[in-house]
Amino acid sequence: MRASWDLVLEKVINHQDHEALIDLFELLLTEEERSAIAGRLKVFQALLIGEMSQRQIAAEFEISIATITRCSNYLKHMPEPQRDRIKALIL
């Protein structure tokens, strides 16, 4: 049976208990993976706000230019309705 990302999302969405979610993510993700996700979130937020250059974002959050470029390219190719939903979700 192939793993389903939808199942992971369902488990996250159905939990209201903050501590339980921390436990779940500590179970599912290594510290390095959690750190990478948190870093990507900061990059996407900074890019959507648009007040910092990619180099400033890299220096501020200690994230590689390659990661920032990938995030930027993803946003550039995202359909506008999806981009608006993402903005509402993370800003």
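Notes on the model. I am working with a predicted model, in which local features need pLDDT of at least 70 and side-chain atom pairs count only at pLDDT 80 or more, while totals for chains, interfaces and linings use all residues. Residues are numbered from 1 along each chain as its sequence is written, and side-chain values use heavy atoms, with hydrogens and water left out.

Overall fold. I found six helices and zero strands in the protein chain, taking helices (H or I, at least four residues) and strands (E, at least two) as DSSP runs numbered from the N terminus. The C-alpha trace spans about 40 × 30 × 30 Å along its principal axes, and 20% of the 91 residues count as buried. Of the contacts with a separation of 6 or more, 42% are between residues 24 or more positions apart, a contact being heavy atoms within 4.5 Å.

Back to Ser72. I placed Ser72 in helix H5, and, not counting residues up to four places away in sequence, I noted that Ser72 touches Leu47 and Gln54.

The core. I then turned to the largest nonpolar core, which has 13 residues, and those with the most contacts inside it are Val43, Phe44, Leu47, Ile57, Ile68, Cys71 and Leu75. Such a core is a set of buried Ala, Val, Leu, Ile, Met, Phe, Trp, Tyr and Cys residues joined through side-chain atoms within 4.5 Å. H3, helix H4 (54-61) and H5 each supply at least two residues of this core, and the largest share, five residues, comes from H3. Leaving aside neighbours within four places in sequence, I listed Arg40, Val43, Phe44 and Leu47 as the contacts of Cys71.

Aromatic rings. How many aromatic pairs does a search of the whole structure find? I recorded one: Phe44 and Tyr74 are edge-to-face, at 6.4 Å centre to centre and 70° between the planes. Phe44 lies in helix H3 and Tyr74 in helix H5, so the pair ties together parts that are 30 residues apart in sequence. For the term, rings of Phe, Tyr and Trp (its six-membered ring) pair if their centres lie within 6.5 Å, and planes under 30 degrees apart count as stacked, over 60 as edge-to-face and the rest as tilted. I also noted that Phe44 counts as buried, at 18% relative accessibility.

I found Glu62 in the loop between H4 and H5, where Glu62 has a positive phi of about 55° although it is not a glycine. Most residues other than glycine have a negative phi. Glu62 is exposed, with a relative accessible area of 74%.

Methods. Buried < 20%, exposed > 50% of the residue type's maximum accessible area, 1.4 Å probe, protein only.
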